[in-house]
Amino acid sequence: MLWRLFFCLYHNNMKFIILSLFSFSSLVVWAAETDSSKILLLSAKADYGTVLNSNDFVDGLNAHNEVINRFSDISLSIGWQTQGKEEWEQQHKLPSFGIGMAISRFNNTAEIGKPFSVFGFYHGVLKRWQHSAFRSNLELGLAFNWKNFDLQSNPYNIAIGSKITSRISFGLDYEYFLTNRLQLAVGANLTHFSNGAIRKPNKGLNCVAPFVRLTYLFDEYKPNNLVFVSTKKQHHEVQVAVGYGVKQEENSINRNPELSSYYEHIQKYKVITLKANYMRQYSSKGKWGGGVSVYFDEWRGCGLFVDENNNAHKVKTQCGKEPIVGLFLGHELLINKVGILTDIGGNVYMAHSDIEYQNRKVLFERLGIKYYLPFNMFVGVNVFANGVKANIVEWNTGYALQWGKREISR
């Protein structure tokens, strides 16, 4: 029951809740003084759902020999409800955004731990009515306090390889205005925890959960009195970017038949990425296009030398000599100065001798967020994956050459 979930999480995390409330009270005071054009909001959300069967660890290959299938999450968020004072707010039909903190629980705390998260959220509007809205939910952040994989003390947890991971959550909800200050939403989220291969093993945890969210606004909200703008901004651009990341890869020896990999000689490898693409901004809310990506992965063809003390050393003369080239199609959702990009593509060139890489899937995906600086510069971070398996976290910077700008009034 919902009240039992709240009580359990509160009882087991008293210090965290007190610290959270203190931090939130400070944020309320700060936020109230920063932007009077938006309405300050405070919300509480509770999720209860299931863990998807995505690896052997959650399927029961763990110290308890039990399937890990229960997931709960409770969060507190502070943010802003836009009122349409800026054009981008009207283009997106008055979204809300902010920051939050969450406590998550699984039915195997002994091997997973009791993680908590900090995240940024964006609640988009797909359809708005006078007293309700159909919305999308996006949360991006970091999760802490995991009991991660350890060869001696926690050898079965191949899902989480580090004490800090990313938290990515996407969902849909229906929100109803109980009053001009109080909103109730019901929906469902898909939440993914992973470290982007920065530290292996990294099979990740994927959770699906229905949720209930209650939001209080610190001022009256009357969206039905607004008329949304209909101006469309369009232009063409070429983007160029360079990225850098570090990942781990296992060079394993299967000494324990119960484990999928022994992770004995795991090593860190550098990856440099280059990206060039054409994009057409079709409206104030988005761009689409495609291009080419080139990346140099130090792990490719990199041999290992194991000395007499069983310590592994990279044979650097064999590492990352040839690039991998891929073509992709992409889309970018524009939210003021923030872009949320999604790319999907395929590798069209890699060394024929690279047998270990050839065995990997040719398709790749990119999910990222970028922030546009003055003079058409941008910085961002992407998760690069092969076949939905995270391969690297790319920190990148770039430039967009734009031309053919125009505005169309409808």
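Predicted model: local features only at pLDDT ≥ 70, side-chain atom pairs only at ≥ 80, totals over all residues.
Local features were taken at pLDDT of at least 70 and side-chain atom pairs at pLDDT 80 or more, while totals for chains, interfaces and linings use all residues. Numbering runs from 1 along each chain as its sequence is written, and side-chain values use heavy atoms, with hydrogens and water left out.

**View 1. Met279 in strand S10.** Met279 sits in S10 (residues 267-283); strands here are DSSP runs of E, at least two residues long, numbered from the N terminus. Met279 is buried, at 4% relative accessible area (buried is under 20%, with a 1.4 Å probe and protein chains only). Leaving out residues up to four places away in sequence, Met279 touches, among others, His235, Trp288 and His331 (contact means heavy atoms within 4.5 Å). Gly289 is ten residues from Met279 in sequence, yet their C-alpha atoms are 4.3 Å apart.

**View 2. Strand S14 and its partners.** S14 pairs antiparallel with S11 (residues 286-297) over ten bridges, and Gly290 is bridged to Leu329 of S14. Pairing takes at least two DSSP bridges between two strands. S14 also runs antiparallel to S15 (residues 338-349), joined by eleven bridges. One of the bridges into S15 links Ile335 with Val338. S14 and S15 make a hairpin with two residues between them, and Asn336 in the turn has a positive phi of about 60 degrees.

**View 3. Who lines the second largest pocket?** Among its 24 lining residues, Lys233, His235, Gln281, Leu334 and Asn336 are closest to the centre. S18 gives the most to this lining, with five residues.

How values were computed. Helix = DSSP H or I, 4+ residues; strand = E, 2+ residues; numbered from the N terminus. Buried < 20%, exposed > 50% of the residue type's maximum accessible area, 1.4 Å probe, protein only. 1 Å grid on protein atoms, 1.4 Å probe; cavity = no way out; pocket = protein on both sides within 12 Å on 5 of 7 lines; lining within 4 Å.
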